[in-house]
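Please keep the sequence and the model at hand.

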There are 2 protein chains.
Amino acid sequence: MNTSSPAHRADAPRLDLDIDRVHALAEDLLPVYAQIRADAPLPDASLNGKLSELTGILHELHPADMAALLESLPPKERVLVWRLAGPEDDGDVLLEVSEAVRETLIEAMNREEMLAAVEDMDADELAELADDLPHQVVYEALQTRDEEEREQVKAAMSYEDGTIGALMDFEPVSVRADVSCEVVLRYLRRFDALPDHTDKIFVVDEEDVLIGVLPVRKLLISNPEDLVADVMATDVVRFSPEDDAEEAAQAFERYDLVTAPVIDASGKLIGRITIDEMVDVIREESEADILNMAGLQEEEDLFAPVWDSVKNRWTWLAVNLCTAFVASRVIGAFEGSIQKIVALAALMPIVAGIGGNSGNQTITMIVRAMAVGQLADIQAGRLLKKEVGVALANGLIWGSVMGALSYALYGSIGIGLVMVAAMTLNLLLAAAVGVLIPIAMEKLGRDPALGSSVLITAVTDSGGFLIFLGLATVFLM
Amino acid sequence: MNTSSPAHRADAPRLDLDIDRVHALAEDLLPVYAQIRADAPLPDASLNGKLSELTGILHELHPADMAALLESLPPKERVLVWRLAGPEDDGDVLLEVSEAVRETLIEAMNREEMLAAVEDMDADELAELADDLPHQVVYEALQTRDEEEREQVKAAMSYEDGTIGALMDFEPVSVRADVSCEVVLRYLRRFDALPDHTDKIFVVDEEDVLIGVLPVRKLLISNPEDLVADVMATDVVRFSPEDDAEEAAQAFERYDLVTAPVIDASGKLIGRITIDEMVDVIREESEADILNMAGLQEEEDLFAPVWDSVKNRWTWLAVNLCTAFVASRVIGAFEGSIQKIVALAALMPIVAGIGGNSGNQTITMIVRAMAVGQLADIQAGRLLKKEVGVALANGLIWGSVMGALSYALYGSIGIGLVMVAAMTLNLLLAAAVGVLIPIAMEKLGRDPALGSSVLITAVTDSGGFLIFLGLATVFLM
C-alpha cells in the first residue's frame, strides 16, 4: 500500500521501510537531546542534517503510524521522537497508543500541550483519555465545553471498561421517518462533515426513540420523493450501553456491520458504535487470550522497567511454582522406587510432557469453540467421548514407540510395558481434564482461557508422575 | 442486540437463547430422520410439533447465525438441520461456515441444490467455493455466466490463499474526475443496489487507472455543482492482488478503512477489498497463532472423526516426544548422581518447569510485538538486557523461596544452594533463548509463532535438567 502517487506499487502496507532508519537517527541524536530541547545549535553539521531528516520523516507520518513507531521505541528515544513530532496530531496519537505507552508520553508533556492535544477531541475521546490525564487538565478541558458535552463525557466515563457505553460515540446523525429522501439529502448537505464511518442514518420518532435505520447505500439509489419510512430498514441490530463489547464485536463480525445504534432503556437513541472500535476489541480479545495462556497478566510496554515486568509476570510464575512443588512431592513419595530403578527418573518427564502437550491441544480447541459460542451444554458428553478416542489412539501409538525405545535402552520388558500403560493413561487423563476444566470454568462464570493451560499442565504433571511411578512400584518392585 | 421490535432490550447479541433448544430438538428428531426426508407421516404428534417448531426457528435465522449453529452441531444433527433449513440462504451459509464444516454440508447436497445455491453468487464468492464443489457443478455454474464473469472467477481462483487477490470482489463503483457531484448522484440512482460496504466511489481516468476516491461522506455534503476532481481524495491506501492479506488487514486497522481499491501493475482499478473480509483475516490470524502455540495444525471441526483429529495433532506430539526424549537422555547421563541423592529426582522438574513458564512469557511477548510490526532489529540487544534483568530478579526471588523449601525438606544446605543457582541460571537461559529464537526465526523468514513454544520448552527442559544435575554432581558428590 502507498498513500502518495498512483504510480507506486502497493506492496508495503506498513512503515517497516522507515522504522530502522528512525531508530538509528533517534539513537544518534539522543546525546544532544538537551541542546535540541533548548533550541541551541548542535555541535556538528552531520547532527543537524540528521535532526532535519528525522523531523521531516515525523511530520509526514499518519497519527496511527506515529503511534506504532512510538510503541517500538525505548523510553528515552520515545520521548525524543515525541518532542520532535508536530503537535497538531498529538491528540490522535495519544488515542492510538497502548495505555502503558500513553502514560510515558503524557509524562513528557506540560499542561498547555495537554490542553492543546485534547482541545478538538469529541466527548467520547476525551473520556477515554481522562483517566490518564492529571485531574486539573481534565477539569480545565471540560470548562471549555458546553453543558451537553460535559454530560456526555461524564456519561462515557461512568461505563465500565469492556462495555458498549465506554466505546460508543455521541455523533449519531438522525432524521424523522415522515420526511422524503430529498429532504434528508438537503439536511445532510448542511453538515460541515459527516462523522467517520457514516454508513447509515438513524431514524427516530418525536421522542428520539429509534424506529429504524436508513442505509446510505439505499438513500443514494432511492427516488428523492420516497419517504424515509418506506426506504428504511426496521430489523436493526442495536445495543445498550451496558452490553458486553466482545459480544457486540461478534455481532459486528457476524452481520458485517459498519456502525450500529446505541439506545437507552426507553429505546431512545443515545449514541453510535463503529467497526473500528470493534476491530480493536477483536484484536485485544485474541491478544488477551494469547497473553493469558502464556501467563502474562496484561500487555507489556516492550521497554517497561524491569520491575514493572516482574510484577506483570509474577502471579503465574508463583502459581507454576506451587503446582511444580506438588508434582515434586508426588515424586518424593516414590523415592524408594527411584532408588531401586534409577531409569524411572529419566523416563518420568516423557510421560508428564506428552500429557501436558496433548491436554493443551484439547483445551485450546475447546476454549476457542467456547469463545465463538459454538459449544452447547448438551455436547460435553459427546466431546469427551471423541477426545478420549483421540487420546487412546495417540496413547497406544506413541506409547508403543516410547515403550519400545525404553526397552531398547534399559533392556527391561517391564519398563517398556509400564511406559506404554502410563503414557496411555496420562493421555486419557489429559483428554478428560482438558474437556472438563473449561466447561467447569464456564459454569462457574469464569473466563475459560484464563489459566487453563497452567491448570492442565499441573494435572498432567502430577498425574503423569503418579501414574508412571505408581505403576512401576506395583509391577516392577 | 435484537433484530425485531424496537421495544426489546439489546442484551443478547448471540443466538445462545436458541442453541440449546435447537440441539435438543435435533436430537429428538434424529431417530425419525428417514421419515422426515421421505415426507412420510411421523409416528406421533409430539414429534410433529417438534418438527414444526424446529423448522420455524431455522427459517427465521440469519445466514450467519445458521452457519454458527451448524458448526456447533455433531455431524448427524448437522445434516438434519441443514436439510430442514430453507434453501434460499444455502449459498450464504456455505460461504460463512469453516472449510471443514462446508465439506460435510456439500456432501449432503445433490447437484441441483448446489447449482441453486451458487446461482446468485458474485464471481468472487463462486471462486471461494469452487475448490469445495464437484468439478461438474463448477463447470455448469460457469456456463450460465457471461465471459467477463468467467474471467473474474478464473482470476480470483488463480491467486494464492492469503493474498488480496483471493479476497477481493469485482464490484468497485467508479466515476470520472471531470463530472460534477450531481452527475455522480444521478449515476448512482440508476443502480438497483450498491455493493455492500460502499463508503467510497472510486475515481478513474479514461484508461481505468485509479486517480482518487470520492468518500460517500464527502459526496453527501458536497455542493452538487462541485467537480469530483475537487472533492476527491488522492492519498489513497491501495493494494495489489499479490499483497499479503495480513498486512492489508493491519493497514485497515491502522487507518480505519471500510473499503480499499485493488489495482493491477499498470495502476488500473480491478477490484475492491472490504472490512468484513479483513476482520475475518484478523480473527483467523489470531486463531492460527493460538492454535499453533498449542500444537494444532489447523482449526478442527469440533466433531471431526477421531482419525482426522489424530492427524491434525500428531506432528507436534511427535516433536514433543523427540525433545522429551533428549531431556530424558540428559537425566540418564546423571543416573549415578540421582542414585546417590534421590532428592534430585524430585526437585529437577521444578527447575525445568519454571524455566519453561518464564521462557514462554518472554517469547509470547516478543512474538506478539513482531506480529504487529513493533520490533526493529536494532533493539534486540536492548530487549535481551531487559529480559535478562527480569530473569535475574525472578531467579533470585523464586530461587531463594524454593531453595529455602528444599533445605527445609531435605535438611541439606548444599541442595538448597544448588536449587537457587540452578533456578537462576535456567531463568537466564530461558530469557536469552526467548529473545533469540523469535528473532532468528524472523531472520530465516519463518513465522516466529510457529512452534516457538515447543522450542523454548525443549531448551528449558534439557537445559534445566543439565544445569541442576550438573551443579549437583559438581558440588554435592
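Does B:Glu171 count as buried, exposed or partly exposed, and what is its relative accessibility? At 28% relative accessibility, B:Glu171 is classed as partly exposed. The model is a predicted one.

**Salt bridges**

Over all chains, the structure holds 40 salt bridges. Side chains of opposite charge can pair when their charged atoms come close.

| Pair | N to O distance |
|---|---|
| A:Glu151 and A:Lys154 | 3.7 Å |
| B:Arg313 and A:Glu387 | 2.9 Å |
| B:Arg272 and B:Glu171 | 4.0 Å |

B:Glu171 takes part in a salt bridge with B:Arg272. B:Arg272 sits in strand S5 (residues 269-274) of chain B, while B:Glu171 sits in the loop between helix H11 (147-158) and strand S1 (174-176) of chain B, so the pair ties together parts 101 residues apart in sequence. B:Arg272 is buried, at 3% relative accessibility.

A:Glu151 and A:Lys154 both belong to helix H11 (residues 147-158) of chain A. They are 3 residues apart, which means a separation of about one helical turn. A:Glu151 is partly exposed, at 39% relative accessibility. A:Lys154 is exposed, at 55%.

B:Arg313 and A:Glu387 also form a salt bridge. This pair crosses between chains: B:Arg313 lies in helix H17 (residues 306-332) of chain B, and A:Glu387 in helix H21 (residues 380-410) of chain A. Both B:Arg313 and A:Glu387 are buried.

There is also a network of salt bridges. It links A:Glu27, A:Glu77 and B:Arg382.

**Domains 2 and 3 of chain A**

Chain A is assigned domain 1 (19-162), domain 2 (174-292) and domain 3 (307-476). The centres of domain 2 and domain 3 of chain A, taken over C-alpha atoms, are 49 Å apart. Contact between these two involves 4 residues of domain 2 of chain A and 6 residues of domain 3 of chain A. Together the two domains bury about 460 Å², with 31% of it on carbon and sulfur atoms. On the domain 2 side, A:Gln250, A:Asp289 and A:Asn292 lose the most area to domain 3 of chain A, together 82% of what that side buries.

Which charged pairs span this interface? The rule finds 0 salt bridges between domain 2 and domain 3 of chain A. On the domain 2 side, helix H16 (245-255) and helix H17 (275-293) of chain A each give two or more residues. By class, that side has no nonpolar, 2 polar and 2 charged residues.

Technical notes
Residues are numbered from 1 along each chain as its sequence is written. Chains are lettered from A and ligands numbered from 1 in the order in which they are written. This is a predicted model: local features need pLDDT of at least 70, side-chain atom pairs count only at pLDDT 80 or more; totals for chains, interfaces and linings use all residues. Side-chain values use heavy atoms; hydrogens and water are left out. Domain bounds come from an automatic or database domain assignment. Contact means heavy atoms within 4.5 Å. Buried area is the accessible area (1.4 Å probe) that two parts lose on being put together, summed over both. A salt bridge is a side-chain nitrogen of Lys or Arg within 4 Å of a carboxyl oxygen of Asp or Glu. Helices (H or I, at least four residues) and strands (E, at least two) are DSSP runs, numbered from the N terminus. Ala, Val, Leu, Ile, Met, Phe, Trp, Tyr, Cys and Pro count as nonpolar, Asp, Glu, Lys and Arg as charged, and the others, Gly among them, as polar. Buried means under 20% relative accessible area, exposed over 50%, partly exposed in between (1.4 Å probe, protein chains only).
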